[in-house]
Amino acid sequence: MGSGSSRTNDLVVPQANQALEQLKYEIAQELGIQIPQDGYYGNMATRDTGAIGGHITRRLVEIAEQSISGQSR
């Protein structure tokens with residue numbers, strides 16, 4: 001790909017970043033995982049970061065399904 005290609009994790013709606021950050025911290029707390037305050041994830045276990053990402057994806061799918069079906073959360 002050329003230098004003009006965008007990263008795959010760029011948000012389509014940049015304003016969603018704050019909501020995703022909030023969701024990340026909520027899920028980490030539910031799982032009992034401490035997110036580094038300095039933002040460096042290099043010392044975290046891959047299992048922990050993967051668990052957070054997987055739960056975020058599940059939660060987003062649930063929210064989308066509820067939105068499509070017209071239900072409120």
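Here is a short chat about the salt bridges and helices of a predicted model.

Modeller: Local features here need pLDDT of at least 70, side-chain atom pairs count only at pLDDT 80 or more, and totals for chains, interfaces and linings use all residues. Residues are numbered from 1 along each chain as its sequence is written, and side-chain values use heavy atoms, leaving out hydrogens and water.

Colleague: What separates Glu21 and Lys24 in the helix?

Modeller: About one helical turn, because they sit 3 residues apart in helix α1 (residues 16-31). A helix is a DSSP run of H or I, at least four residues, numbered from the N terminus.

Colleague: How do you know whether Lys24 is buried or exposed?

Modeller: Buried means under 20% relative accessible area, exposed over 50%, and partly exposed in between (1.4 Å probe, protein chains only). Lys24 has 15%, so Lys24 is buried. Glu21, at 31%, counts as partly exposed.

Colleague: What makes Arg59 and Glu30 a salt bridge?

Modeller: Their side chains meet at 2.9 Å, N to O. Arg59 is in helix α2 (residues 46-69) and Glu30 in helix α1, so this pair ties together parts 29 residues apart in sequence.

Colleague: Which labels do Arg59 and Glu30 get?

Modeller: Arg59 is buried at 12%, whereas Glu30 is exposed at 53%.

Definitions and conventions
Helix = DSSP H or I, 4+ residues; strand = E, 2+ residues; numbered from the N terminus. Salt bridge = Lys/Arg side-chain N within 4 Å of Asp/Glu carboxyl O.
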